[in-house]
Amino acid sequence: MARAEALNAYRSLLRATRKSFAGDQVMLKGSAAEVRQKFEENRGVTSEAEIQRLLEDAREASSFISTMIIQAKLNSRGGYEVKPEKDHAGATLEIPSEEILRKS
């Protein structure tokens, strides 16, 4: 049962990253690698309590990615646009600094 739950959590995280980072190949690739790495690091965990904690962490991460991350897209005027969806209702907007934008 824990194996099926872990697989569901893994797939949920990947779906969340694909939705949040759609069109951004660097973030899609990096986030998928990070998710896989975290699951691989914990593959040998056998404690039921620890497994449940890790599954809860994965569910929280999936929810956070789905509701709190929005990719800004460069528009034709040279500025960035953010288009939140219903999933993002209640989230706060954090504008990245110019330094961060220059690096990307």
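A helix here is a DSSP run of H or I spanning at least four residues, and helices are numbered from the N terminus. By that criterion, Ala32 belongs to helix α2. All views show a predicted model.

**Figure 1. Overall arrangement of the predicted chain.** Four helices and two strands make up the chain, and their order along the sequence is α-α-α-β-β-α. The chain comprises 104 residues, of which 18% count as buried. Among contacts with a separation of 6 or more, 49% join residues 24 or more positions apart.

**Figure 2. Helix α1 and its buried face.** Helix α1 covers residues 2-20. This helix has 19 residues, and the distance from its first C-alpha to its last is 27 Å, close to the 27 Å expected at 1.5 Å a residue. The buried residues of α1 are Ala9, Tyr10, Leu13, Leu14, Ala16, Thr17 and Ser20. Viewed down the axis of α1, these buried residues fall within an arc of 160°, so they line one face of the helix. In general, an α-helix has 3.6 residues a turn, and therefore residues three or four places apart point the same way. The cover over the buried residues of α1 includes helices α2 and α3, the latter formed by residues 48-68.

**Figure 3. The aromatic pair between helices α1 and α2.** One aromatic pair is found in a search of the whole structure. The pair consists of Tyr10 and Phe39 in an edge-to-face arrangement, with 5.2 Å from centre to centre and 75° between the planes. The two partners come from distant parts of the chain: Tyr10 lies in helix α1 and Phe39 in helix α2 (residues 25-41), 29 residues apart. Tyr10 has a relative accessible area of 19% and is classed as buried because the cut-off is under 20%. Phe39, with a relative accessible area of 24%, is partly exposed.

Figure 4. Ala32 is located in helix α2. A relative accessible area of 27% places Ala32 in the partly exposed class. Ala32 and Leu13 are separated by 19 residues in sequence, while their C-alpha atoms are 8.6 Å apart in space. Leu13 is one of the buried residues of α1.

Figure 5. A polar atom of the Ser20 side chain lies 2.8 Å from the backbone oxygen of Ile65. When residues up to four places away in sequence are not counted, Ser20 touches Ile65, Ser66, Ile69 and Gln71. One of these partners, Gln71, is 51 residues from Ser20 in sequence, with a C-alpha to C-alpha distance of 6.7 Å.

How values were computed: Residues numbered from 1 in each chain as written. Predicted model: local features only at pLDDT ≥ 70, side-chain atom pairs only at ≥ 80, totals over all residues. Heavy atoms only, no water. Buried < 20%, exposed > 50% of the residue type's maximum accessible area, 1.4 Å probe, protein only. Contact = heavy atoms within 4.5 Å. Polar contact = N/O pair within 3.5 Å; in protein donor to acceptor, adjacent residues only side chain to side chain. Phe/Tyr/Trp six-rings, centres within 6.5 Å; stacked < 30°, edge-to-face > 60°. Expected span 1.5 Å × (residues − 1). Arc of directions from axis to C-beta.
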